[in-house]
Amino acid sequence: MSQIPNNLKYTKTHEWVRVEKDGTITVGITDHAQEALGDLVFVELPETGRTLAQDEACAVVESVKAASDIYAPVTGTVVEANGAVADAPETINRDAYEAWLFKMKPTNAANLDSLLDADAYAQESA
Amino acid sequence: MLKKTFLNAEHNVLGARMVDFGGWEMPVNYGSQVDEHHAVRRDAGMFDVSHMVVFDVRGKDARTFLRYALANNIDKLQDVGRAFYTCFLNERGGVIDDMIVYFLDDFLFRVVLNAGTADKDIALLEALRTRQESEVTFERRDDLGILAVQGPNAATLLWKVLPEVKENAGALAPFHAIIDGDYFIARTGYTGEDGFEIIAPHETIKTLWQDLLEARVKPCGLGARDTLRLEAGMALYGQEMDEAVTPLEAGLGWTVDLKSKRDFIGKEALLAQKPIRRFVGLLLLEAGGVLRAHQIVHTKYGDGEITSGTFSPTLNQSIALARVPSAVEDGATVEVSVRNKRLAARVVKPPFARHGKILVEPVKS
């Protein structure tokens, strides 16, 4: 069974979202997603400062088997991209919730209400 | 409803990730596909390939029948136990299927067909038999399973669990097979490593699977099988070739005998063909993604296309097999469209890796 921590939010497209105290969000792919993709070998991240619309394709992860787009969970601006994960994509396989991809500052906090909680995501990914 | 091999429960016990492969529910990986790949290059791994179809062709005119049916010349198989790789072509020279044929005795040839094409192959062979008024008999051996045990330590580990078979099969040369009791043992494979393909009744294969697991042979899925065969430069039916592609454009010219007087299905078309594309390997020279099937290859002589691409665990770089305009030379730098970018790649002669060794010049970093 894949891990779905209760303290995170989720999207139907298998991103996880952590809402930080300063109002920014941290985004990664779920354990379910890394397991389905298998050994990850390439990550392409959005540039810092880029403005994204909710559900916009903004990053790519590729495993030995397949490529998969990553979608912006909310509308907002990219404030940081995790260069370490781009250098070592396999860290996502080791711990998908530790190896985050990028951080965003949401334009509209109400966007966060459209995200799934752990129970809803568990159903979505079953 | 997907078909399952008799080892399905064994795969599930090991936590395999199962996928639909040509109508069969097959393990794509058990844990890390890359670890499975390395196990085969460095040690030993095993693959359930029982979805493939064992097909026996019997009778006094079996050789005559296959001489015309197959693109490779069955007369190359003169010693009992000898095997070869061949394509089965249509009249246009397109590939209906590819297969290994084993010469077992003067009245028996064993053919191993791809799972997704076997029904079509058999229907066409039956029609050919009628047209030729041949008396060969066909037997589809669904009572048998196939286990591939591959890797530099495959022989040591296989003989450890099958000491009674070692006596007869221990000295088996590559592309040779032997029957010993319930076991058909062939020194063939699809990984570019030493190894065996073992054909036997379901229960016998089940026992062998358990014994090999205990001997620490790593179970490997179709994911590793694909990266291994790609590194080894081996064609996969449906990717490198199909009914619209001839062996001459799929890097399989060496398997087609056009020199002898022998007639065979597709010969006329192949003789008339002037191939304008050739089959090459590509090595990605920069970061930016992974080469994949159907990506366009831009060359100064026109566009080509990737037929199979992946990340190579042995080279730690993306590699591909591709068809490009014939004028493109080995060593040339080309560009591949990967999403919205064009990435540089070097044209190389496959294979990329076999027998644990890298065979192409690595990318300078």
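This is a predicted model: local features need pLDDT of at least 70, side-chain atom pairs count only at pLDDT 80 or more; totals for chains, interfaces and linings use all residues.

Biologist: Is α8(B) mostly covered or mostly open, and how many of its residues are buried?

Modeller: Buried stands for a relative accessible area under 20%. Among the residues of α8(B) that fall in this class are Leu222(B), Ala224(B), Leu228(B) and Leu230(B), along with Arg225(B) and Glu231(B). The helix is mostly covered, and the number of buried residues is nine of ten.

Biologist: Which strands does α8(B) lie across, and at what angle does the helix run to β17(B)?

Modeller: Helix α8(B) spans residues 222-231, and Gly233(B), with a positive phi near 75°, follows it. The helix lies across β17 and β18 of chain B. Its angle to β17(B) is about 125°.

Biologist: What do β17(B) and β18(B) belong to, and in what order do the strands run?

Modeller: These two strands are part of a closed barrel of six strands in chain B, with antiparallel pairing. Neighbouring strands there are turned against each other by 40° on average, with direction ignored. The order of the barrel is β15-β18-β17-β16-β19-β20.

Biologist: Which residue of β17(B) stands opposite Ile296(B)?

Modeller: Let us start with the strands: β16(B) pairs with β17(B), residues 302-312, in the antiparallel sense. Four bridges join this pair. Opposite Ile296(B), the residue in β17(B) is Glu305(B).

Biologist: Where is His294(B) found, and is this residue buried or exposed?

Modeller: His294(B) sits in the loop that links β15 (277-284) with β16 (296-299) of chain B. Its phi is near 80°, a positive value in a residue that is not glycine. Exposed requires a relative accessible area over 50%. With 60%, His294(B) is exposed.

Biologist: What is the relative accessible area of Glu133(B)?

Modeller: Glu133(B) also has a positive phi, near 50°, without being a glycine. This residue belongs to the loop between α4 (118-132) and β9 (137-140) of chain B. Glu133(B) is exposed, and its relative accessible area is 69%.

Biologist: Which element gives the most to the lining of the second largest pocket?

Modeller: This pocket holds about 520 Å³ of space. Of its 25 lining residues, the closest to the centre are Val41(A), Phe42(A), Pro89(A), Phe311(B) and Asn316(B). Elements giving two or more residues are β4, α2 and α3 of chain A, together with α2 and β18 of chain B. With four residues, the top contributor is β4(A).

Biologist: How do the residues of that lining divide into nonpolar, polar and charged?

Modeller: The lining of the second largest pocket draws on elements from chain A and chain B. By class, its residues are twelve nonpolar, eight polar and five charged.

Methods:
Residues are numbered from 1 along each chain as its sequence is written. Chains are lettered from A and ligands numbered from 1 in the order in which they are written. Side-chain values use heavy atoms; hydrogens and water are left out. Buried means under 20% relative accessible area, exposed over 50%, partly exposed in between (1.4 Å probe, protein chains only). Two strands pair if DSSP finds at least two bridges between them. Axes are lines fitted to C-alpha atoms, for helices over the stretch in contact, and angles run from 0 to 180 degrees between N-to-C directions. Contact means heavy atoms within 4.5 Å. On a 1 Å grid over the protein atoms alone, a cavity is a set of points where a 1.4 Å probe fits but cannot get out, and a pocket is an open set with protein on both sides within 12 Å along at least five of seven lines; lining residues have an atom within 4 Å of a point. Grid points are joined across faces, edges and corners, and a volume is the space filled by probe spheres set on the points. Ala, Val, Leu, Ile, Met, Phe, Trp, Tyr, Cys and Pro count as nonpolar, Asp, Glu, Lys and Arg as charged, and the others, Gly among them, as polar.
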